[in-house]
Amino acid sequence: MKKKIPDWLNNSLWSSPPSSAAVAAAAAAVTSLTPSPLPPVIEQDPPETQHSPLTDHNDIPNDDDDRRGDVDDAVSSLPSADEISRQAQIMAALSRKVIDMRELRRLACQGIPDSPGIRSIVWKLLLGYLPPNHGLWSSELANKRSQYKQFKNDILINPSEITRRMYNSTSCDTDDAQWKSRTILSRSEIPHGEHPLSLGKTSVWNQFFQDTEIIDQIDRDVKRTHPDIHFFSGDSQFAKSNQEALRNILIIFAKLNPGVRYVQGMNEILAPLFYVLKNDPDEENAAFAEADTFFCFVELLSGLRDNFVQQLDNSVVGIRSTITRLSQLLREHDEELWRHLEITSKVNPQFYAFRWITLLLTQEFNFADILHIWDTLLSDPDGPQETLLRVCCAMLILIRRRLLAGDFTSNLKLLQNYPSTNISHLLYVANKFSVQSM
């Protein structure tokens, strides 16, 4: 017997606009919560407003410009009373000497308010970069930031500089003024293994030339990262410095993780992390955003690593196995839709789910909505993947009417260009799947 869609999917809750009294109360609460001016925020693009609740999630117009519009063009709206209450609860949780991570995850999974600095701290905690004990933060941050500086000194260096340092370290007996003034080594002074034409596996030059292709790919991808957002693109010095930070992080990650290296699309996963941490109003945190983002990126990918290792694609932990789990989840919650997509219209889930899963939905929604979705993904104590699959399943069910009416071509186009939707409703549906499976 085919499973029916539960009634709560079309609950009137999602089509009822907030009353004017509720909005007025929210505005008054905002004023009472902010008795003193907030610290200045560094140059950034303001967050986009959340989509208003939609009555029919199956007949939403698809407009790429609206989906990926410039964050600069968004219009701010007053936070709801629920958002204000949640912000107060999160601030209370963060003020404790030892943070209750279970409570923080519960609050964060509902969405973190866009107030300056809150999301930055919470994400660092959710990813395990910061320990729950406040007293350990200072030493932990100092150690990690020093470690990242050393990574940059050791990895982001031209082989000619390495060779020069080797020469200097073996020339201690030479007159100080003489060897400090030299910039070019004579051919006889360069060790054979470190000659630019050496094919030795341990040669820094040989490794440098092997890395060139990956570095070129990283350069191309970084320049294509969110071209619609000034934080990441444009000719300003601010945008260029942000691109340079993304490039450094990806190169260092690739060098330190030879089993994974760099896979195209990692830049899209890195971007939200760096954006949030760089826009921390605390000047010291913003200054060290590159270092902090690197370690948060490592923590995030540690639970997703197998999706990026091509040799594991067909294994039980590879990306194809993950996509199969999504297919099974859809069949469990909406067998009619599953049958129509995979049996009738023959839409292989790999055609759309590969990008959804590997890029953590960063290409399917506007930037502000991505941050909201990631609040929920990062709140899962077992890692983001299971929650991600439930969100993907909810995405399919929310447009089921259009999918059931479509054929292979129209459905594939729809799934590869997912329409705008109410993100709060989407996450609500995904959470319902979690509750049902318990």
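User: What share of the protein chain counts as buried, and what makes a residue buried?

Analyst: Of the 438 residues in the protein chain, 47% count as buried. The term is set by relative accessible area: buried means under 20%, exposed means over 50%, and partly exposed is in between, using a 1.4 Å probe and protein chains only. Before we go on, please note that this is a predicted model, where local features need pLDDT of at least 70 and side-chain atom pairs count only at pLDDT 80 or more, while totals for chains, interfaces and linings use all residues. Residues are numbered from 1 along each chain as its sequence is written, and side-chain values use heavy atoms, with hydrogens and water left out.

User: How many helices and strands does the protein chain have?

Analyst: There are 21 helices and zero strands. Helices (H or I, at least four residues) and strands (E, at least two) are DSSP runs, numbered from the N terminus.

User: Why is F433 called buried?

Analyst: F433 has 3% relative accessibility, so this residue counts as buried. You will find F433 in helix 21 (residues 423–437). The C-alpha atoms of F433 and R390 are separated by 6.7 Å, and these two residues are 43 residues apart along the chain.

User: What makes a nonpolar core, and which residues touch the most other members of the largest one?

Analyst: A nonpolar core is a set of buried Ala, Val, Leu, Ile, Met, Phe, Trp, Tyr and Cys residues joined through side-chain atoms within 4.5 Å. The largest nonpolar core here has 104 residues, and F297, L300 and W374 touch the most other members. Helix 18 (residues 384–398) gives the largest share of this core, ten residues. As background, nonpolar side chains tend to be buried together in soluble globular proteins.

User: Which residues is L300 in contact with, leaving aside its neighbours within four places in sequence?

Analyst: Contact means heavy atoms within 4.5 Å. With those neighbours left aside, the partners of L300 are L127, I269, L273, L360, W374, L378 and P384. For the whole protein chain, take the contacts between residues at least 6 apart in sequence: 72% of them join residues at least 24 apart.

User: What makes D375 and R119 a salt bridge?

Analyst: A salt bridge is a side-chain nitrogen of Lys or Arg within 4 Å of a carboxyl oxygen of Asp or Glu. For the side chains of D375 and R119, the N to O distance is 2.8 Å, so the pair meets the rule. D375 belongs to helix 17 (residues 367–378) and R119 to helix 5 (residues 118–126), and this pair links distant parts of the chain, 256 residues apart. D375 is buried because its relative accessible area is 0%, and R119 is buried with 8%. By this rule, the count is 15 salt bridges.

User: How do you know that D219 and R247 are partly exposed?

Analyst: D219 has 21% relative accessibility, so D219 counts as partly exposed. R247, with a relative accessible area of 24%, is partly exposed as well. The side chains of D219 and R247 meet in a salt bridge at 2.5 Å, N to O. D219 lies in helix 9 (residues 204–223) and R247 in helix 10 (residues 237–256), so the pair ties together parts that are 28 residues apart in sequence.

User: What makes the link between N267 and Y262 a polar contact?

Analyst: A polar contact is a pair of N or O atoms within 3.5 Å; within protein, one must be able to donate a hydrogen and the other to accept it, and residues adjacent in sequence count only if both atoms are side-chain atoms. The side chains of N267 and Y262 make such a contact at 3.3 Å. The N267 side chain also reaches the backbone oxygen of D221 at 3.1 Å. N267 sits in helix 11 (residues 266–278) and is buried, with a relative accessible area of 4%.

User: Where does pLDDT stay under 50?

Analyst: pLDDT is the predictor's confidence in each residue, from 0 to 100. The value stays under 50 over residues 10–76, for which the model has 114 contacts beyond four places in sequence. Residues 176–190 also have a pLDDT below 50, with 13 contacts in the model beyond near neighbours in sequence. The protein chain averages a pLDDT of 78, and 67% of the residues score at least 70.
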